[in-house]
Amino acid sequence: MTDYDAILGGHLDALRAEGRYRRFLTLRRQAGAFPRAFRDDGRAVTIWCSNDYLGMGQHPAVLEAMARSVREEGAGAGGTRNISGTGHHHVALERELAALHGMDAALLCNSGFNANEAALSTLSRLLPGCTVLSDANNHASMIAGIRHGGATKHIFRHNDVAHLDAILSTLPKEAPKIVAFESVYSMDGDIAPIAEIVAVAKAHNALTYLDEVHAVGMYGPGGAGVAARDGVRVDIVEGTLGKAYGVVGGYVAGSAAMVDAVRSFAPGFIFSTTLPPHVAAGALASVRHLRSSDAERTAHQARARQTRDALLAEGLPVMDAPSHIIPVMVGDAALCRAASDLLLEEHAIYLQPINHPTVPRGTERLRVTPTPLHDDAAIAALARALSAVWDRLGLNRQRQAA
């Protein structure tokens, strides 16, 4: 007889042996206390790895909008978008997101992963003879969407415009093509040369699909992202409501026909129960607030610079990157896990290790994400703690370029 559990257990044992087994830390977040949280045993920790980049998950306008919606509408949406699940907050949020990006339309999805998978698989499947050109560092959700679409694909070297141009030059100009890439890459913190990529894509009659999940709310006018900051127009923007906007959900924005095609043909959208109305209400409040307020973005950038400088002053191996993401390189999965454990148990700092397959083997790291709510004392404590852990484990202090 086949011992299924033994087979699966063997795979799990291999993860443990490599130091890559994921352990989840249970946290009790308290509204108004972020980035401070509490473990189940009551011990306080400071979170330094959250994607709630601006602390909008704690913002009074967001909390009030969500609480009001629950009181007025109840908990769930009650169905898919097609079957009783479209509420006025969902529609208002889609209109707000379309306006944010200057697009004809937007489509709300249950997550950023869902949005990328649905959009890329659907568009590449519906466009006859389509070829997708994907940046080598694209997120797993984009890779999944491209694979599920079944189109021919080519991978161009990360942020290498010349390589992209060379591949496009081998394809018929009249054939459908999609160039899929990100603005801010979440693990290295680098930023794509968006203008150059778009120029090459347009020269070869290719659509541009830009994942801005780590940039929406954070950069550009009203938080519209890096492309908007740089004054570059792309065909399709994909974003998330679970990072800078502090809630959950994903979306795509583009022309009316493109958005409607995803809405009408993507199984992942069609057959998913809609996000609860209160989630859409909270996201709507967050997007509207950040469209009118630069205070959070300005404070965030200042804290990101301050944190980076503090870590560099300790001689820590901070990867050189232009965004708000600060990777501190370790280069070994087991040591990365050990560093994270020491920070948590001895310094009450929560920094989750980032290991393969999220990053290539040998580039394991701690990924620091400052927020406007990390004060001077928290930044100083982080720098001291990381320096002490580096000395304790004998880790390399040599810097690495992005």
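Two strands pair if DSSP finds at least two bridges between them, and strands here are DSSP runs (E, at least two residues), as helices are (H or I, at least four), numbered from the N terminus. All views come from a predicted model, where local features need pLDDT of at least 70, side-chain atom pairs count only at pLDDT 80 or more, and totals for chains, interfaces and linings use all residues. Residues are numbered from 1 along each chain as its sequence is written, and side-chain values use heavy atoms, with hydrogens and water left out.

**View 1. Meet the open sheet E11-E14-E13.** Its three strands pair in the antiparallel sense. At the edges sit E11 (326–329) and E13 (353–354), each pairing on one side only. Two bridges join E13 to E14 (residues 365–368), and Pro353 stands opposite Leu366 of E14. Helix H12 (residues 295–313) packs on this sheet and touches E11 and E14 (contact means heavy atoms within 4.5 Å).

**View 2. Here is strand E4, a mostly covered strand.** Five of the five residues in E4 (105–109) are buried, meaning under 20% relative accessible area with a 1.4 Å probe, protein chains only. Ala105, Leu107 and Cys109 point one way, while Ala106 and Leu108 point the other. In a regular strand the side chains alternate between the two faces of the sheet. E4 also pairs with E10 (residues 250–254), antiparallel over five bridges, and Ala106 has Ala253 as its bridge partner there.

Terms used:
Buried < 20%, exposed > 50% of the residue type's maximum accessible area, 1.4 Å probe, protein only. Axes fitted to C-alpha atoms, helices over the stretch in contact; angles between N-to-C directions.
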